[in-house]
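Colleague: Before we discuss this model, please display the sequence together with the structure.

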Amino acid sequence: MTEDEVHMSHALALAARGLGRTWPNPAVGCVIVKAGRVIGRGWTQPGGRPHAERMALDQAGQGARGATAYVTLEPCAHHGRTPPCAEALVSAGLSRVCTALTDPDPRVSGQGHAILRAGGIAVTEGLCEARARQLQAGFLKRITQGIPFVTLKLAATLDGRIATATGESRWITGPQARRRVHLMRMTHDAVLTSSATAIADDPDLTARDMGATHQPLRLLADSHLKTPPDSRLARSAKDHPVWVLHGPAAPEPARAAWAASGVRLIACPTEGPHLNLTETFRLLAAQGLTRILIEAGGQFAAALIRARLVDDLALFQAGCLIGADGIPVLGPLGLQTLKDAPRPTLSETIPCGPDILTRWTF
């Protein structure tokens, strides 16, 4: 690994600290180095401000003059609540800036790099690009496709069951796997569940037992608002925000009851009796969401896969057998031939105590 790659790896690690906290802004990391020594570092702070570059420049102070900055995404070029980071880097007198990715946002898209070069700064692009692209997958997908990056989490037995025939499912996986799920919640902007899961399990979808300093936004997909308005999600909505995604036919009394609990109601288009998931996710992207974790049952999971909305599948498998009378991990996919079966690519295998997490990309 070259010296440049070492410092960009440091910046990428810093950027990861912001995942789940910076939306609608990207989670960016910045490291400023002079004479081989790190003199400033930063990452995008909760809510998107201050930016990573500003934080690192403030640490470096006058030492930034003649230094090199390693930034995981092209510095911004537009005026928002703060001046452009590209201009701030020029004003600080840096001699070189290395970036991992060009920002596809039309307000930037090469203009940040152009500002740097016009200011006399040497620019190196594409350093550790593949790793940065993976880290920024949510932001990139929202900007380029108008839809969030979706992680589908499933927990099943070795024979692909999520519950017994009576519906008992607590707990198929052990405490280490469950802690991993809480960590995943913390690195996503939002956690979404379906009405079927909300009614059956009454989850609260918060991150617990991880020293969490923030909570993900919680989403409930319930086209007809069948979930009881005294559920755990509703009771905790004033402490941790909840958005309820419903269809136009949701009854007014149910809307009023949910609104009284402090949730935000969002009307979404439907397709038959269910939400149109593609259009619903476009609405969520328009609200700024970049990364959504799905924790729902087999029917909802299958609907997401059929709609080609899943980017990453996180499958927790427990060394347990339930049998054919148990509830399957996936509902029908409507396949007629094996060649039509989705075939995601295995990207990672992680032991979680007695259980195994495999991650797959679509």
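Colleague: What is the relative accessible area of Ala16?

Modeller: This is a predicted model, in which local features need pLDDT of at least 70 and side-chain atom pairs count only at pLDDT 80 or more, while totals for chains, interfaces and linings use all residues. Residues are numbered from 1 along each chain as its sequence is written, and side-chain values use heavy atoms, with hydrogens and water left out. Buried means under 20% relative accessible area, exposed over 50% and partly exposed in between (1.4 Å probe, protein chains only). Ala16 counts as partly exposed, because its relative accessible area is 32%.

Colleague: In which element is Ala16 found, and how far apart are the C-alpha atoms of Ala16 and Val28?

Modeller: Helices (H or I, at least four residues) and strands (E, at least two) are DSSP runs, numbered from the N terminus. By that assignment, Ala16 is in helix 1. Ala16 and Val28 are 12 residues apart along the chain, and the separation of their C-alpha atoms is 7.8 Å.

Colleague: Against which elements do the buried residues of helix 1 pack?

Modeller: The buried residues of helix 1 are Asp4, His7, Met8, Ser9, Ala11, Leu12, Leu14 and Ala15. Contact is taken as heavy atoms within 4.5 Å. Their packing partners are strand 1, strand 2 (37–43), strand 3 (68–71), strand 4 (96–99) and helix 5 (129–135).

Colleague: Which residues touch the most other members of the largest nonpolar core?

Modeller: A nonpolar core is a set of buried Ala, Val, Leu, Ile, Met, Phe, Trp, Tyr and Cys residues joined through side-chain atoms within 4.5 Å. The largest one holds 42 residues, and a second, separate core of 33 residues includes Leu152, Leu275, Ala303 and Ile305. Beyond four places in sequence, Ile32 has contacts that include Val38, Ile39, Leu57 and Ala69. In the largest core, the residues that touch the most other members are Met8, Ile32 and Ala69.

Colleague: Which strands and residue ranges receive the buried residues of helix 7?

Modeller: Helix 7 (residues 175–186) should span 16 Å, and its end C-alpha atoms are 17 Å apart, which agrees. Its buried residues are Ala177, Val181, His182, Met184, Arg185 and Met186. These pack against strand 6 (149–157), strand 8 (190–194), strand 14 (291–294), strand 15 (312–318), strand 17 (345–352) and strand 18 (355–361).

Colleague: Why is the pair formed by Trp23 and Trp243 classed as it is?

Modeller: Rings of Phe, Tyr and Trp (its six-membered ring) pair if their centres lie within 6.5 Å; planes under 30 degrees apart count as stacked, over 60 as edge-to-face and the rest as tilted. The search of the whole structure finds 1 aromatic pair. The ring centres of Trp23 and Trp243 are 6.2 Å apart and the planes lie at 85°, so the class is edge-to-face.

Colleague: How many residues separate Trp23 from Trp243?

Modeller: Trp23 is in the loop between helix 1 (3–16) and strand 1 (29–34), whereas Trp243 is in strand 10 (residues 242–246). Trp23 is partly exposed at 23% relative accessibility, while Trp243 is buried at 9%. The pair thus links distant parts of the chain, and the separation in residues is 220.

Colleague: How many salt bridges are there, and what is the distance between the closest N and O atoms of Arg54 and Asp58?

Modeller: A salt bridge is a side-chain nitrogen of Lys or Arg within 4 Å of a carboxyl oxygen of Asp or Glu, and the count comes to 13. Arg54 and Asp58 are about one helical turn apart, because they are 4 residues apart in helix 2 (residues 52–60). Arg54 is partly exposed at 36%, whereas Asp58 is exposed at 54%. Their closest N and O atoms are separated by 3.1 Å.

Conventions: The expected span of a helix is 1.5 Å times one less than its number of residues.
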